[in-house]
Amino acid sequence: MGLLSRSGALRFCFLPFSIIKTSVRLLVAVLILSSLQEPLEVAGLPKEIVKVSAGYHHSSAITVDGELYMWGKNTNGQLGLGKKAATILSTPSKVEFLTGVTVKIISLGFEHSIAVTDKGETLSWGGGGSGRLGHGHQSGILGLFKSDSEYTPRLVKELEGFKIKNAAAGMLHSVCISENGSVYVFGERAKKKLGYGEASNNSVPSMIDEIPYSEKAACGGYHTCVITGGGELYVWGTNENGCLGIGSTDVAHSPERVEGPFLRHSVSEVWFSMVSCGWKHTAAISGGNVYTWGWGGSHGTFSVEGHSSGGQLGQGSDVDYIEPTIVNFHRHMKALQISCGFNHTGAILEYS
């Protein structure tokens, strides 16, 4: 879990369900898969950090003046440092290819990265399998020796002319939201997963018409969540273990509104996205409360003897929940932020 201190220093820690209590406004909380049990300050960041993001095996930080630093696994160019960069970087490295560009948003997926500039331009890089970078074709030299990967940030040309205000990277797909509230999706769109038309990959952004004016998006393993301007929560995609929260495990081939508690409260928006997706679980804030649903960890594929892969829902068990279920913190509190990792969840709470 990555946290910013009030001075802008970046610290990382990990717990299956992490709770950070605070009486002051913290800027951001982002989850990272890590073996650390206590916070450890990240060295090599020369400036104040205002935003961080964590992917499956790589991490990033944006400085106060919009510079982007990245570190971690780099096997498919997901760090954006060029083809000659090392396959693993243990300390942050500035993305020099973005010199002169002010980065406002960064989102990291499984093996790819998406950034949005202060001008609303969208860039992507890393592993391009399934079309998740949105470039429409594989990179290569004179059409030969084609590769799925982009090793430096590349402008998503199909989104030129649209000022993007939000972006999210999932395992094999990506989502962007324009300033006019339109939702664009690209990447893996197999019929039984993202559910639009015949089984195929959509390698360039295409707009989804079925959603009202939208503000924020979150991508999971094979599911997507979008918060509208009116605070409604729409979901679609695969629904393994009930990760869509629609009361069943049926695949949603088009956006469906999540009901239950979200009919009584709008999904909160404090600083950043207040809905977050893990691999097969989801968490959101509504009315100051934390709700979770989806895979609880039972019958998991990542369990080892003596170590459960469950607990990411914070419900005190490893069972699945197919509808949003409130997390009981046993004290009066207000949730400020929520973030899901692959199989864990973190929250910033303000106790009164």
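Reader: Let's start with strand β26, residues 289-294. Is it enclosed or open to solvent, and how do I read that?

Author: Go residue by residue and ask how much of each one is still accessible; under 20% relative accessible area is buried. In this predicted model, five of the six residues of β26 are buried, so the strand is largely enclosed by the rest of the structure.

Reader: Which strands pair with β26, and in what sense?

Author: Look at the bridges on each side. Strand β25 (residues 281-286) pairs with β26 in the antiparallel sense, over six bridges. Strand β27 (residues 321-326) is also an antiparallel partner of β26, here over three bridges.

Reader: How many residues lie between β25 and β26?

Author: Two, and the strands form a hairpin. Have a look at Gly287 in the turn: its phi is positive, about 60 degrees.

Reader: How should I read the side chains along β25, and are they buried or exposed?

Author: The general idea is that side chains in a regular strand alternate between the two faces of the sheet. In β25, His281, Ala283 and Ile285 point one way, while Thr282, Ala284 and Ser286 point the other way. Both sets are buried. With six of its six residues buried, β25 is largely enclosed by the rest of the structure.

Reader: What does the side chain of His281 contact?

Author: The side chain of His281 makes a polar contact of 2.9 Å with the side chain of Thr345. Thr345 is found in strand β29 (residues 345-351) and is buried, with a relative accessible area of 0%. A polar atom of the Thr345 side chain also lies 2.7 Å from the backbone oxygen of Gln312.

Reader: Now the nonpolar side. Which residues have the most contacts inside the largest nonpolar core?

Author: As a general idea, nonpolar side chains in soluble globular proteins tend to be buried together. Here the largest nonpolar core has 25 residues, and those with the most contacts inside it are Val183, Ile211, Val226, Leu233, Trp236 and Val275. Elements giving two or more residues to this core include β24 and β26, along with β17 (173-178) and β18 (183-188). The largest share, four residues, comes from β22. A second, separate core has 14 residues, among them Leu89, Val103, Leu108 and Leu123.

Reader: Stepping back, how many helices and strands does the protein have?

Author: Zero helices and 29 strands.

Reader: And what do the totals say about burial, contacts and surface?

Author: Take them in turn. Buried residues make up 57% of the 352 residues. Among contacts with a separation of 6 or more, 52% are between residues 24 or more positions apart. The accessible surface comes to about 15100 Å², and 51% of that belongs to carbon and sulfur atoms.

Notes. Residues are numbered from 1 along each chain as its sequence is written. This is a predicted model: local features need pLDDT of at least 70, side-chain atom pairs count only at pLDDT 80 or more; totals for chains, interfaces and linings use all residues. Side-chain values use heavy atoms; hydrogens and water are left out. Buried means under 20% relative accessible area, exposed over 50%, partly exposed in between (1.4 Å probe, protein chains only). Two strands pair if DSSP finds at least two bridges between them. Contact means heavy atoms within 4.5 Å. Accessible areas come from the Shrake-Rupley method with a 1.4 Å probe; for residues, only the protein chains shown count as cover. A nonpolar core is a set of buried Ala, Val, Leu, Ile, Met, Phe, Trp, Tyr and Cys residues joined through side-chain atoms within 4.5 Å. A polar contact is a pair of N or O atoms within 3.5 Å; within protein, one must be able to donate a hydrogen and the other to accept it, and residues adjacent in sequence count only if both atoms are side-chain atoms.
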